[in-house]
Amino acid sequence: QIHLVESGGGLVKPGDSLRLSCAFSGGTFSRYAMGWFRQAPGKEHEFVAAITGSGLSTRYAGSAKGRFTITRDNADTTVYLQMDSLKPEDTAVYYCAAPYYRGTFADAPYRGQGTQVTVSA
């Protein structure tokens, strides 16, 4: 059984950075493409970024391009989301999902419990 645990969220000011982590267990990590989603209050889950199992290909939502970077460490079975130049509209609960490269949040069989990111002055 795949298990995903996110961490690294918190309260930051606009313009600050955060790095989210998602620890993977229960399977062969390098075989799984991984995705990050977020859900703001009262909104649907929104795709943020995804990365293939090898780490060689990535894709981003328009809102994340140029500010967020998804990476993975297959030795540590962890996927990261580096978030720079954070804005108040980035406030949301952030989730990782697997296996995922395209589609909706519901398409991913495995999802973590989420970590809260709040961007406020």
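Trainee: Is D90 buried or exposed?

Mentor: The structure is a predicted model, in which local features need pLDDT of at least 70, side-chain atom pairs count only at pLDDT 80 or more, and totals for chains, interfaces and linings use all residues. Residues are numbered from 1 along each chain as its sequence is written, and side-chain values use heavy atoms, with hydrogens and water left out. Buried means under 20% relative accessible area, exposed over 50%, and partly exposed in between, with a 1.4 Å probe and protein chains only. The relative accessible area of D90 is 0%, so this residue is buried.

Trainee: Which residue forms a salt bridge with D90 at 2.9 Å?

Mentor: A salt bridge is a side-chain nitrogen of Lys or Arg within 4 Å of a carboxyl oxygen of Asp or Glu. For D90, closest N and O atoms 2.9 Å apart identify the partner as R38.

Trainee: How many residues apart in sequence are the parts that D90 and R38 tie together?

Mentor: Strands are DSSP runs of E with at least two residues, helices are runs of H or I with at least four, and both are numbered from the N terminus. R38 belongs to strand 4 (residues 34-39), while D90 lies in the loop between strand 8 (78-83) and strand 9, so the parts tied together are apart in sequence by 52 residues.

Trainee: Which residue forms a salt bridge with D90 at 2.7 Å, and where does that residue lie?

Mentor: The closest N and O atoms are 2.7 Å apart in the pair of D90 and R67. R67 counts as buried because its relative accessibility is 11%. The pair links distant parts of the chain, 23 residues apart, with R67 in the loop between strand 6 (58-60) and strand 7 (68-73).

Trainee: Which residues are linked in a network of salt bridges?

Mentor: The count comes to three salt bridges. Besides its bridge to D90, R38 meets the side chain of E46 at 2.8 Å, N to O. R38 counts as buried at 6% relative accessibility, whereas E46 is partly exposed at 34%. The network consists of R38, E46, R67 and D90.

Trainee: With which residues is E44 in contact, leaving aside its neighbours within four places in sequence?

Mentor: E44 is placed in the loop between strand 4 and strand 5 (46-51), and its relative accessible area of 68% makes it exposed. Contact means heavy atoms within 4.5 Å. Apart from those sequence neighbours, E44 is in contact with R38 and Q39.

Trainee: How many degrees lie between the planes of F24 and Y32?

Mentor: The structure holds seven aromatic pairs. Rings of Phe, Tyr and Trp (its six-membered ring) pair if their centres lie within 6.5 Å; planes under 30 degrees apart count as stacked, over 60 as edge-to-face and the rest as tilted. The pair of F24 and Y32 is tilted, at 5.2 Å centre to centre, and the angle between the planes is 50 degrees.

Trainee: Where does F105 lie, given that Y95 is in strand 9?

Mentor: Y95 and F105 form a tilted pair, 5.4 Å centre to centre, with 55 degrees between the planes. Both residues are buried. Y95 lies in strand 9 (residues 92-98), so the pair ties together parts 10 residues apart in sequence, F105 being in the loop between strand 9 and strand 10 (110-111).

Trainee: Which residue has its charged end over the ring of F105?

Mentor: F105 belongs to a cluster of ring pairs with F37, F47, Y95 and Y100. A charge sits over a ring if NZ of Lys or CZ of Arg is within 6 Å of the ring centre and within 35 degrees of the ring normal. At 5.1 Å from the centre of the F105 ring, the charged end is that of R111.

Trainee: What is the radius of gyration of the chain?

Mentor: The chain comes to zero helices and 11 strands, and 44% of its 121 residues count as buried. The radius is taken over C-alpha atoms, and the globule rule is 2.2 Å times the number of residues to the power 0.38. A compact globule with 121 residues would have a radius near 14 Å, which agrees with the value for the chain, 13 Å.
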